[in-house]
Amino acid sequence: MKKLKFIGNPLLQSREKINMSSDKKWLTLKTTEDNEEFVVEESVAIMSNVIKNMVEDGCASSVIPVPRVKGNAMGKIIEFCKKHTEESDEKVLKEFDAEFLNLGPDALYDLMVSANFLEIKVLLDSVTTKVADMIKGKSSEEIRNILKIENDLSAEEIEESRRENCWTRQE
Amino acid sequence: MFDPDKPPTKRNRMDRDRVEPTAMTDPVDDMMEDQIWKELPEDLFEAVIARLPVASFFRFRSVCRKWDSLPTSHSFSWQCAQVPQAQPWFCTVTRGNVDTAAMYDPALQKWYHPTIPALPTNINVLPLASAGGLVCFLDIGHRSFYVCNPLTKFFKELPPRSIRFWSHVAVGMAVNEKFISSGYKIIWVGCDGEYEVYDSRTNSWTRPGSMPSSIKLPLSLNFNSQAICIDGLIYFMCSDPDGILSYNMKTGIWKQFKVPAPKHLSDHTLAACGGKILLVGLLTKNAATCVCIWELQKMTLLWKEVDRMPNVWCLEFYGKHIRMTCLGNNGLFMLSLKSKHMNRIVMYDVTKRQWVKVPRCVLPHGSKEQWVSCGTAFHPCLTNPV
């Protein structure tokens, strides 16, 4: 049984009713990994450059297949895009983003990779800034552990780098 | 949060230098422990690194060879260009001495003193202009130009000019397009109307032409005022007649605008914000001195006062002979005020109309305050031009 998610008016029962009763254009996005469908306004969906190009090139038929993005991430992305199309107050958006990005590592990771794939600049900016914030206080050793990066600098090179950059640690 | 089964991690010297994380950051620390982060594709990690505070970025350069070479990476340069520009930093020297160079970050209100200067210490240089994260220095003998990224310490001596003379010149700098990788141009102009333009793409100076005859020579260029760049036009401040000289970097056309100077004005400099041309200067009437900001009314070509330093602060200068240097003249100005027994540094934010006191600039391991005599604002840029 296909799951149909309506982002919009919860009173409407079917796709046909949406198409007939409003002037807004609607698109159906289907995540091909887990077959979840999302009905969204075109104005919200085109925050993704990838979807925007498809619509402009006339490739967008009734259902747009979206590979590589899981249903959970898609839902969150649509929630973000909808808020950013509706709201213009910078302060409100900033508060929304902060609350919105309060996610666990898996969800945050999925969001970042999906926003990159779908080319949603505003969302990618927010998520990458959040992750930068999360790692800014760490030491290089901790970064190597987190990313499983091999330390290929010699002890002298590391010492020279630290010496050159010790001005950044001045109080 | 604390796992009693895990052995405590050995803290190396770098960890000890780091500020202790507060309880607030503990949940965040847990997030990064997750295995998932090592799956992150390289371009996404570069996007994250491009958004790190400057100090963190330099610390992480010693993570591995690849990260150490990020300043010269094309892909990283592209990522950095996507990040909305933060507030500019300020690069200052005292009396042309590179050893005393200092950098100021207005966001953190912090002075930095690089232990290894960005330029060789045997040259005495003054920072005169900046664009795209690069600062243009001219040596005190007016012989050689240098460009430098004060953060990555990239520097380059420009080829010698074709016109050799060593009197004062005014200097302007502009990037060709939005990114430093599109190249940059530097123009110098002298009082006798001679000028040359350097193009980084050809690494050469050219003399595009001569000044139109309508412009009266010799020019009385204001050498204390930095040039400003708005949409590819460089503006210089002049007197006799009072006004502004503009040079179009794309078309090579010079234009002169006569703008009468406000009365009792001194130590003035051109500035810009959001496409508007401003004037910053001292207004001294009788014994009272005040720092004022004017905006150029384009229709009437007159200066209109738009703001002045709070009275309470101006009282400190009452009856004193003050000199002022304006560092950075685009949106955020650092004003260095000096009298016989006193130094003050004040920051002015044009859009917020905010006056903020700047902490004293003190050499590390010392308590002697440095007088910030010369400098320029620059955009902190983590990458170097190709």
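Me: Which order do the strands of the open sheet in chain B have?

Reply: The order is β4-β5-β6-β7 in chain B, an open sheet of 4 strands with antiparallel pairing. Strands here are DSSP runs (E, at least two residues) and helices are DSSP runs too (H or I, at least four residues), numbered from the N terminus; two strands pair if DSSP finds at least two bridges between them. Please note that this is a predicted model, in which local features need pLDDT of at least 70 and side-chain atom pairs count only at pLDDT 80 or more, while totals for chains, interfaces and linings use all residues. Residues are numbered from 1 along each chain as its sequence is written, chains are lettered from A and ligands numbered from 1 in the order in which they are written, and side-chain values use heavy atoms, with hydrogens and water left out.

Me: Which strands are at the edges?

Reply: β4 (125-131) and β7 (154-157) of chain B are the edge strands, each pairing on one side only.

Me: How many bridges join β4(B) and β5 of chain B?

Reply: They pair over 6 bridges, in the antiparallel sense, and β5 covers residues 134-139. In one of these pairings, Ser130(B) has Val135(B) in β5(B) as its bridge partner.

Me: What does Asp110(A) meet in a salt bridge?

Reply: Its partner is Lys70(A), at 3.5 Å from N to O. The pair links distant parts of the chain, 40 residues apart: Asp110(A) is in helix α6 (residues 105-117) of chain A, and Lys70(A) is in the loop between β4 (63-66) and α4 (71-86) of chain A.

Me: Is Arg144(A) buried or exposed?

Reply: Arg144(A) counts as buried, because its relative accessibility is 9%; buried means under 20% relative accessible area, exposed over 50%, and partly exposed in between (1.4 Å probe, protein chains only). Its salt-bridge partner Glu141(A), with the closest N and O atoms 2.9 Å apart, is partly exposed at 36%.

Me: Which chains hold Glu157(A) and Arg65(B)?

Reply: Glu157(A) lies in helix α9 (residues 155-164) of chain A and Arg65(B) in helix α5 (residues 65-68) of chain B, so this pair joins two chains. Their side chains meet in a salt bridge at 3.0 Å, N to O.

Notes: Salt bridge = Lys/Arg side-chain N within 4 Å of Asp/Glu carboxyl O.
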